[in-house]
Amino acid sequence: MKTPHPESWSMPRAGAPFNARLEGDGERLVVLHHGFGTTQAAWVHQVQALKAAGYRTLVLDAAGATAETLPRYHPQRHHTLDGFAEDLLELLQALGIEQADFVGHSVGSMIGVLAGNAQPGTSRTMSLLGA
């Protein structure tokens, strides 16, 4: 299923813009989640390589990672990594994505594990870097 290429999404529960970028035309989707202290920009070279190899990619900025996503950060929701995992799952649901390959860096890896535990089957594979 092909999905529009969003620049920004509004999350139902968070209520503020969610900066995510979906690129490529492949059938298989790779979600790349950054760690704390970085943004989706950390994946620019991997996105280009994956697109060239025929994959679709989804990168996102976690709540509070940028000035644009700071309004999405809510202490009650994001006091544990579970809130960030919920954000990821809500984004996938909003995009109609049922399953994807997941790549996480640092705490982004833990967010992916929590999301996968909360909704088994969402992640086809997981690659955890510096977890």
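The following conversation concerns a predicted model of a protein.

Colleague: How many helices and strands does the protein have?

Modeller: The protein contains three helices and six strands. Starting at the N terminus, the order of its elements is β-β-β-α-β-α-β-α-β.

Colleague: And what share of the residues is buried?

Modeller: Of the 131 residues in the protein, 45% are buried.

Colleague: How many cavities of 30 Å³ or more are there?

Modeller: There is one cavity of 30 Å³ or more in the structure. The largest cavity holds about 70 Å³ of space.

Colleague: Which elements give two or more residues to its lining?

Modeller: Those elements are α2 (81-94), β5 (100-105) and α3 (107-118). The lining of the largest cavity includes L88, L89, L92, A100, D101, F102, G112, A115 and G116. Also among the lining residues are V31, T122 and S123.

Colleague: How do the lining residues divide into nonpolar, polar and charged?

Modeller: Seven residues of the lining are nonpolar, four are polar and one is charged.

Colleague: Changing topic, where does D61 lie?

Modeller: D61 is found in the loop between β4 (56-60) and α2.

Colleague: Is D61 buried or exposed?

Modeller: D61 is buried, yet it has no salt bridge.

Colleague: Which side chain of opposite charge is nearest to D61?

Modeller: That is R21, which is 7.8 Å away.

Note on methods:
Residues numbered from 1 in each chain as written. Predicted model: local features only at pLDDT ≥ 70, side-chain atom pairs only at ≥ 80, totals over all residues. Heavy atoms only, no water. 1 Å grid on protein atoms, 1.4 Å probe; cavity = no way out; pocket = protein on both sides within 12 Å on 5 of 7 lines; lining within 4 Å. Points joined across faces, edges and corners; volume = space filled by probe spheres on them. Helix = DSSP H or I, 4+ residues; strand = E, 2+ residues; numbered from the N terminus. Nonpolar A, V, L, I, M, F, W, Y, C, P; charged D, E, K, R; others polar. Buried < 20%, exposed > 50% of the residue type's maximum accessible area, 1.4 Å probe, protein only. Lys, Arg positive; Asp, Glu negative; His and termini not counted. Salt bridge = Lys/Arg side-chain N within 4 Å of Asp/Glu carboxyl O.
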